Amino acid sequence: MDEIIGFIRDSIMKYGYKGAVIGISGGIDSAVVGKLAVEALGKEKIFGLLMPERDSSRDTIRDSKLVAKFLGIDFKVKNISSALRAIGTYKLQPPAFLIPQTIKEKYVKHKWEELSSDPFLDDLCNEGNEEFRRGLAYYRSKHRVRMISLYLEAEKRGYAVLGTTNKTELLCGLYVKWGDDSSDVEPIRHLFKTEVIELAGQLQIPNKIIEKPPSPDLIPGVTDENVFGVTIDDLDESLRRIEGGEVLDPHDTKSMRVLRILESARYRELRNLAIPRKH
């Protein structure tokens, strides 16, 4: 913990930032990064940005405000629906204003499973039918508009943007190019998700935030474990074993799933690089 706090403080000082902006999602990752940043820089140098949109649940907004108030930082709620509407995001999916959140979540989860036999792997490899690809464009644009909003707030203050990607997400490709992979400082990218959860307890993050199922948030009703197709505990255990040089049993169902994710994630990593023209 102290090393991460020192890393944040040193990074901000070394590159001449006056403070840091963080997107508060109501999830455990942003809560942990926010608390570490407060310990490193003081709450007066941290600004939180809450970015709900048309599909955000009321629970997400409430949880985000809970985190911001727990941190004791200045924050702003900036609804990004108008920006998403302006660039055509909402034209890709029907409006759902009058549909109860529980019904909406069930519908989205059903659609997620109906359009592909393996949505996450198709996502990683940019595959799937036309309707599935529209869904990818739909949710990815939300990440990118949030990134633009974060940098708008950061740059007018001379602040850095703090990233909240953890090692599990990084290795497995659970991020969006030019979205949540874009930041100035990444304090928890070396920590597996289970380590972030453990750290959250040490930092006394509110139990409601620690205990809620991790979720991409921008796809209503879909949790991280739905996406991965394996529990976070099993996923992290396999990733640690691979990191330690162990060869996973390709005949074990869980191991085979993890290996397929990693193979597809490497494909995403390569596609994230700009393709230069060769002379």
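**Note on the predicted model**

1. Contacts. Of the contacts in the chain with a separation of 6 or more, 75% are between residues 24 or more positions apart. The model under discussion is a predicted one.

2. Overall composition. The chain contains 13 helices and 4 strands. Of its 279 residues, 49% are buried. The accessible surface amounts to about 14,600 Å², and carbon and sulfur atoms contribute 53% of that area.

3. The 4 strands form an open sheet, with parallel pairing and the order 3-2-1-4. Strand 3 and strand 4 (160–161) are the edge strands, each pairing on one side only. In general, the strands of a sheet pair through backbone hydrogen bonds, either parallel or antiparallel.

4. Strands 2 and 3. Strand 2, comprising residues 46–50, pairs with strand 3, comprising residues 74–77, in the parallel sense over 4 bridges.

5. Individual partners. Two residue pairs may be located in the structure. Aspartate 74 in strand 3 stands opposite phenylalanine 47. Valine 77, also in strand 3, is the bridge partner of leucine 50.

6. A helix across the sheet. Which strands does helix 7 lie across? Helix 7, formed by residues 130–155, lies across strand 1 (20–23), strand 2, strand 3 and strand 4.

Notes: Residues numbered from 1 in each chain as written. Predicted model: local features only at pLDDT ≥ 70, side-chain atom pairs only at ≥ 80, totals over all residues. Heavy atoms only, no water. Pairing = 2+ DSSP bridges. Helix = DSSP H or I, 4+ residues; strand = E, 2+ residues; numbered from the N terminus. Buried < 20%, exposed > 50% of the residue type's maximum accessible area, 1.4 Å probe, protein only. Contact = heavy atoms within 4.5 Å. Areas by Shrake-Rupley, 256 points an atom, 1.4 Å probe, with all protein chains shown as cover. Axes fitted to C-alpha atoms, helices over the stretch in contact; angles between N-to-C directions.
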